[in-house]
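Please look through the sequence and the structure below before reading on. The paragraphs that follow go through them step by step.

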Amino acid sequence: MIFPRVRRVLVALLLCLLLVTTGCATKAPGRFDQVQQESSKQRSGQAVAKEATQGSEFNKFFPSAGAGYQRVFTQEKKGFAEAKLKQDGKDIAMLAISDTKSVPGAAASYSNSTTKIAGYPARQLGNTQTSVLVNNRYQVKVISRDPSFTASDREAWIQKFNLSGLAKLD
């Protein structure tokens, strides 16, 4: 009768040993563990550089409304400001200024530009976007939202921004 009791004790000890060894063992990292660690180290809002200009600073450099156009500011945050350009109540374009301090690759993309608008290096992205880089830092962009708003319209609206004032901003 001693053996069943010893057997129970032995089984209980083995179970405890099994739980301790499997509970304390390090598991192989999963496929999302590294990403989780990196994102946990980041502070919120770190996507925008500390030195980036406040979006409200950009508003004064946008072109004024008039001649049948309305300018409606839609977004303003650190490093970025955006406005809709409307005509007869219809969105025809988006106007934007962004600080490339947060995205250095954006400024570098103008290094091979052969086109200039108002003396600043310019780029055309697809059939709907035209932009310039001011003072190697600020990207001014006009995006067509209506097919009637052409590349020449976008260039004309870029020239309506106060680009020389923006160049002095720091």
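**A walk through the predicted model**

A nonpolar patch on the surface is formed by Leu 10, Leu 14 and Leu 17, which together have about 310 Å² of accessible area. The model is a predicted one. Leu 14 sits in helix α1, which covers residues 2-24. Its relative accessibility is 52%, and because the cut-off for exposed is over 50%, Leu 14 counts as exposed.

Strand β3 spans residues 90-99 and is mostly covered, with eight of its 10 residues buried. On one side, strand β2 (residues 80-87) pairs with β3 in the antiparallel sense, over eight bridges. Within this pairing, Ala 81 stands opposite Ile 97 of β3. β2 and β3 form a hairpin, and two residues lie between them. Asp 88, in the turn of that hairpin, has a positive phi of about 55 degrees.

Strand β7 (residues 138-144) is joined to β3 by seven bridges, and the two run antiparallel. Here Met 94 stands opposite Ile 143 of β7.

The charged side chains come next. Side chains of opposite charge can pair when their charged atoms come close. With a limit of 4 Å between a side-chain nitrogen of Lys or Arg and a carboxyl oxygen of Asp or Glu, the count comes to five salt bridges. One of these salt bridges joins Glu 57 and Lys 60, whose closest N and O atoms are 3.8 Å apart. Glu 57 is partly exposed, at a relative accessible area of 33%, while Lys 60 is exposed, at 57%.

Another salt bridge is formed by the side chains of Asp 146 and Lys 90, at 2.8 Å from N to O. Asp 146 lies in the loop between β7 and α4 (151-160) and Lys 90 lies in strand β3, so this pair ties together parts that are 56 residues apart in sequence. Asp 146 is buried, with a relative accessible area of 11%. Lys 90, at 45% relative accessibility, counts as partly exposed.

Arg 137 and Asp 99 also meet through their side chains in a salt bridge, with 2.8 Å from N to O. This pair links distant parts of the chain, 38 residues apart: Arg 137 is in the loop between β6 (129-134) and β7, and Asp 99 is in strand β3. Are the two partners buried or exposed? Arg 137 counts as buried because its relative accessibility is 10%, and Asp 99 is buried as well, with a relative accessible area of 4%.

Ala 67 is not a glycine, although its phi is positive, at about 55 degrees. This residue is found in the loop between α2 (33-41) and β1 (69-77). With 76% relative accessibility, Ala 67 counts as exposed. Ala 118, likewise a residue other than glycine, has a positive phi near 55 degrees. The loop that holds Ala 118 runs between β4 (115-117) and β5 (120-125). Ala 118 is partly exposed, with a relative accessible area of 48%.

The last stop is Val 134, in strand β6. Val 134 is buried, and its relative accessible area is 0%. Which residues is Val 134 in contact with, leaving aside its neighbours within four places in sequence? They are Tyr 120, Val 140, Leu 163, Leu 166 and Ala 167. For Tyr 120, the C-alpha atom is separated from that of Val 134 by 6.1 Å, and the two residues are 14 apart along the chain.

Terms used: Residues numbered from 1 in each chain as written. Predicted model: local features only at pLDDT ≥ 70, side-chain atom pairs only at ≥ 80, totals over all residues. Heavy atoms only, no water. Buried < 20%, exposed > 50% of the residue type's maximum accessible area, 1.4 Å probe, protein only. Helix = DSSP H or I, 4+ residues; strand = E, 2+ residues; numbered from the N terminus. Pairing = 2+ DSSP bridges. Patch = residues over 30% accessible without salt bridge, like charges linked within 9 Å, V, L, I, M, F, W, Y side chains within 5 Å. Areas by Shrake-Rupley, 256 points an atom, 1.4 Å probe, with all protein chains shown as cover. Contact = heavy atoms within 4.5 Å.
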